[in-house]
Amino acid sequence: MTTALDEPTTTTRDDGSARSLVDTVFRAREISIAGALALLVLGTWISNPRFLDDQGVKDLLLNASILVLLAVGQSVVVVTRNIDLSVGSVVGLSAFACGKFVAGTDHGVLTVLLLGTALGVLCGLVSGSLVSFGRVPALVVTLGMLYIIQGFDYWWAHGEQIGAAEVPQPVLDLGSGSVLGVPCLPLIAFALLAATAYYLRAYRSGRELYAIGSNPEAARLAGVPIRRRVLGAYAFSGAVAGFAGALWLARFGTVVADNAHGWELTVVSAVVVGGVAITGGTGTVWGAALGALLLTTIGSALVVLKVDAFWQGAITGALLLAAISVDRIVTLRMTAALRKRSARHGHGA
């Protein structure tokens, strides 16, 4: 009787210790990213005080908003041990489709946002179905989707450009407007970020996404509906990318078919730099958002410091390699620490 009662207590204590260790590690990584971001901003401000004037801060927030949104959507996919390389193309498709739809009309903001989101969901469902039900590797599916969307865009657009003069003023006001001095787009990005973070932490279906990424076989044995969850993750990523495309139209007014071309790699870099493991199962959308903000700030700082734009790509690549290396080292050490704790408790029992 005593042994039977002691075992659950020990197991619960071990599980609690494991969760505490994981939370501590990733909280420390997010703090490190925030610290690096603060140092970068401080150093650039010292070199050029105008970097942090009112307009400079607004530009930083606006430039980061769409990338933060895409990083949030990508994070939900990556934690399931998958990837979505089509997000940049979905943004371009959504931005151009929304621009084409509202050009010369009086359609409102809600119509534009719903159209962009619906297009994104459709793309996400196609990719998610092939990955979850067709068992096709995510890299192959989403890379194929990227090229399909790009080809369709070029066929449809034929080099056409939608100008800001053709876009209804309420849509443009969303991109340039502000609330109490804070631009609308960063507020929208933060609202989606906070809602997604809450869902992943508070809801069982959100936590199951991490379980799938950590150990798909164990998740299956535990009764997690893996295919449905992965499909939902892709649908969410597509919805966010389509939504971001509609906001791209509101932000810039002028759109072409290949807007956000090449952004998929930047989005993946932001997610990984932000501490979301490319192997799935760990990381937070807060970290991914910090990674997106860091990469955007690096680009802005290089412009302010009059450094060749080539170095932005080089620095991004270096950060990506460093993040993957750190992730691997941290994972190995954390696994070793958990094994030692388990062995110690087992010996004590």
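1. Gln150 touches Ser89 and His261, leaving aside residues up to four places away in sequence. The model is a predicted one, and these contacts should be read as computed from it.

2. Gln150 sits in helix α5. Its relative accessible area is 15%, and because buried means under 20%, Gln150 counts as buried.

3. Helix α5, residues 138–157, packs with helix α4, residues 109–132. The two axes are 9 Å apart, at an angle of about 150 degrees. Since angles over 145 degrees count as roughly antiparallel, α4 is roughly antiparallel to α5. The crossing of α4 and α5 is right-handed.

4. On the α4 side of this contact are Cys123, Val126, Ser127, Leu130 and Val131. They meet Ala138, Val141, Thr142, Met145 and Ile149 of α5. By class, the contact of α4 with α5 has eight nonpolar residues, two polar ones and no charged ones.

5. From α7, the residues in contact are Phe190, Leu193, Ala194, Thr196, Ala197 and Leu200. Their partners in α12 are Val285, Trp286 and Ala289. The contact of α7 with α12 has eight nonpolar residues and one polar residue, with no charged residues.

Methods:
Residues are numbered from 1 along each chain as its sequence is written. This is a predicted model: local features need pLDDT of at least 70, side-chain atom pairs count only at pLDDT 80 or more; totals for chains, interfaces and linings use all residues. Side-chain values use heavy atoms; hydrogens and water are left out. Axes are lines fitted to C-alpha atoms, for helices over the stretch in contact, and angles run from 0 to 180 degrees between N-to-C directions. Helices (H or I, at least four residues) and strands (E, at least two) are DSSP runs, numbered from the N terminus. Angles under 35 degrees count as roughly parallel, over 145 as roughly antiparallel, 65 to 115 as roughly perpendicular and the rest as oblique. A crossing is left-handed if the near helix is turned anticlockwise from the far one by less than a right angle, and right-handed if clockwise. Contact means heavy atoms within 4.5 Å. Ala, Val, Leu, Ile, Met, Phe, Trp, Tyr, Cys and Pro count as nonpolar, Asp, Glu, Lys and Arg as charged, and the others, Gly among them, as polar. Buried means under 20% relative accessible area, exposed over 50%, partly exposed in between (1.4 Å probe, protein chains only).
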